[in-house]
Protein chains: 2
Amino acid sequence: MAENKQPTIYDVSERVGVSLATVSRVVNNNGKVKDETRQKVLKAIKELNYRPNAMAKGLASSKTTMIGMVIPDLTDLYYAELAQGIDAVAKIYNYSVTLAVSDDNPEAEKAALNTLIDKHVDGMIYMGNKTSKEMLHLLEESPFPVVFAGSVDPDNKLPSVNIDYVKAFKQVGLTLKKNLKDSKIALVDNPGESSLSDLRKEGFLSAVPGGKIYESDDDYQAGYNLAHHLYKDGIRAVITGEDEPAVGILNYMQDNGIKVPDKFQIISSNDTKLVNMTRPAISSVTQPKFDIGAVAMRLLTKLMSDQKVDDPEVLLPHEFVMRDTTK
Amino acid sequence: MAENKQPTIYDVSERVGVSLATVSRVVNNNGKVKDETRQKVLKAIKELNYRPNAMAKGLASSKTTMIGMVIPDLTDLYYAELAQGIDAVAKIYNYSVTLAVSDDNPEAEKAALNTLIDKHVDGMIYMGNKTSKEMLHLLEESPFPVVFAGSVDPDNKLPSVNIDYVKAFKQVGLTLKKNLKDSKIALVDNPGESSLSDLRKEGFLSAVPGGKIYESDDDYQAGYNLAHHLYKDGIRAVITGEDEPAVGILNYMQDNGIKVPDKFQIISSNDTKLVNMTRPAISSVTQPKFDIGAVAMRLLTKLMSDQKVDDPEVLLPHEFVMRDTTK
DNA sequence: TTGTAAGCGTTATCAG
DNA sequence: CTGATAACGCTTACAA
């Protein structure tokens, strides 16, 4: 930890013998500056190792070049991959990102939003799927633009980036139906309110009207625990809304001598690296996760600079990888 | 996105009929203020929904209540879990955390540091294990305190929080040695410079002087690819520095009919949720990952408020979970 | 093309 | 216990 004071724009202007305004112009590359002057200023900046103070800049211009990113859980690989995409694009546009882990908890989300407002971020990316009515309202009222990534605004007021879950889950349902009765096929998804789950359910049921719906928290153990009931209930194929429960279900079957995919089939929907690490490897819908984050962030940059966006609700293409948990 | 101006401290003072200074005093709860006045101010604050502008505050006080967190890869569950610990403690002390994904890349790390300096964060947590000499130097010179989490400063000048890798890897080596010759045991770790790897190597070799060292990138595929060579070279047990390669090695063995643990044993060292999701489940050193992050952040808060810290190099206790990849 | 000067919303130092 | 007032470092009309 070093102890010396940073030079200010004033130091630069003094050394060169020009005004603050001129230095500011060259730093921000706006307004006309004679090339000779520009060079002198640039030289002084280098020599003094001057760096603009972001706070002062923010205060004067009311732009912080910071965005907020609310994420439910850093150890959920789905969100982590979205975050990589967000971060990558943020870097390109020179935004730094302030993290707000929400734990999918309404109170924590509210607190996070308030902090972001206080910090005067220029915009925010929201991830989370148990968004409360209240939170939704706060987001709509927020002083900066908000984009949903891998998440959806049920009111459809806020821009979002996702895959077409209805279509994807319908396709999966159709696939499973080929050699199984509806009653043997189930959708395993988050408990409680979740607009994403609703879409998945809609797609699934449109293909498999007689299918069953089970609720499971989105962690490994929840899936493991649920698996027993699934099998006992006569379910022989599941599609899950998250990857970790799929792994849990798979392992339960294996640990109990139920052959996958012969006796039980599994398809997951996030295709995080997890599903390729199990044996058998899990079949899955694939999502362009990095791109979802990247596109969401790009959309946000447009919103932040008041550019028109043609379609605020973007659906990116998905695919399927059939590995070894399906026949 | 709503469009109304935030009230300022000035609005509050005007409404109550006191000076700015008084309002500031009650907001920051410092200095003496008559209780009656305080109540009036508090009331006005609530009514106006006044919230201090963090930038103005930062400019005036040169404190931002923001910290930087540099992390190599958000999808590496080891770091993700540290990050959760960091975030949790940061919340408690009211710091917001600015993310800087470094990709373990020296240039990106430098850029991240510069951004953090520009943003005037009050401190930073550094994670990364291929820290270049230059970066190390920059960190030592940084204008704010820096704490290493799950990472080590080879020069030992910067505070850090870790487990005792030397001891852990020695213990693991000893375990494996019980029924295998040294020449059949290998350590698989990161390629290139890495002070953490050095510690692991030191511990490993002190127990297994005749052991071999293999290099592997810390992803699944690298482990998978390496496994072939390991087996061909007569290695029959490995300990890995990271979890993903361990999974890769395990799967290679399984895919090729080499029974684990009968014919090949594996121990990993991060105990992320991955290793419990494979079949057989992977034996591992266990680390208090959340706590490493939490303690690092706590340490940083002390440093940021110029408190004395007794021991800047903290080692947290580790354990072992022997699952099904060891005999 | 360049300079002047008024903010931006706080904190903090002095007086009172 | 309270109030003026000068910073903090920069942007941005408005003049020159």
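Here are some notes on the salt bridges and the chain contact in this predicted model.

1. Ground rules. This is a predicted model, where local features need pLDDT of at least 70, side-chain atom pairs count only at pLDDT 80 or more, and totals for chains, interfaces and linings use all residues. Residues are numbered from 1 along each chain as its sequence is written, chains are lettered from A and ligands numbered from 1 in the order in which they are written, and side-chain values use heavy atoms, with hydrogens and water left out.

2. The annotated stretch. UniProt, in an unreviewed entry, puts "domain: HTH lacI-type" at residues 7–61 of chain A; positions are in the numbering used here, feature names are shortened, and annotations may be inferred rather than shown by experiment. That stretch is 71% helix and 0% strand, with its end C-alpha atoms 20 Å apart. Helices (H or I, at least four residues) and strands (E, at least two) are DSSP runs, numbered from the N terminus.

3. The whole structure has 31 salt bridges over all chains, each being a side-chain nitrogen of Lys or Arg within 4 Å of a carboxyl oxygen of Asp or Glu. One of them pairs Arg15(A) with Glu47(A) at 2.3 Å, N to O. Arg15(A) is in helix H1 (residues 9–16) and Glu47(A) in helix H3 (residues 35–48), 32 residues apart.

4. Glu242(A) and Arg200(A) form a salt bridge, with the closest N and O atoms 3.7 Å apart.

5. Across the chains. Lys273(B) and Glu244(A) meet in a salt bridge of 2.7 Å, N to O. Lys273(B) sits in a loop of chain B and Glu244(A) in helix H11 of chain A, so the pair joins two chains. Lys273(B) is partly exposed at 24%, whereas Glu244(A) is buried at 10%. In total, six salt bridges cross the interface of chain B and chain A, including Asp118(B) with Arg51(A) at 3.2 Å, N to O.

6. The interface overall. The contact (heavy atoms within 4.5 Å) takes 56 residues from chain B and 56 residues from chain A. The two chains bury about 5,000 Å² between them, 58% of it on carbon and sulfur atoms; buried area is the accessible area (1.4 Å probe) that two parts lose on being put together, summed over both. Met1(B), Met55(B) and Met277(B) supply 15% of the area that chain B buries against chain A, more than any other three residues.

Key
Buried means under 20% relative accessible area, exposed over 50%, partly exposed in between (1.4 Å probe, protein chains only).
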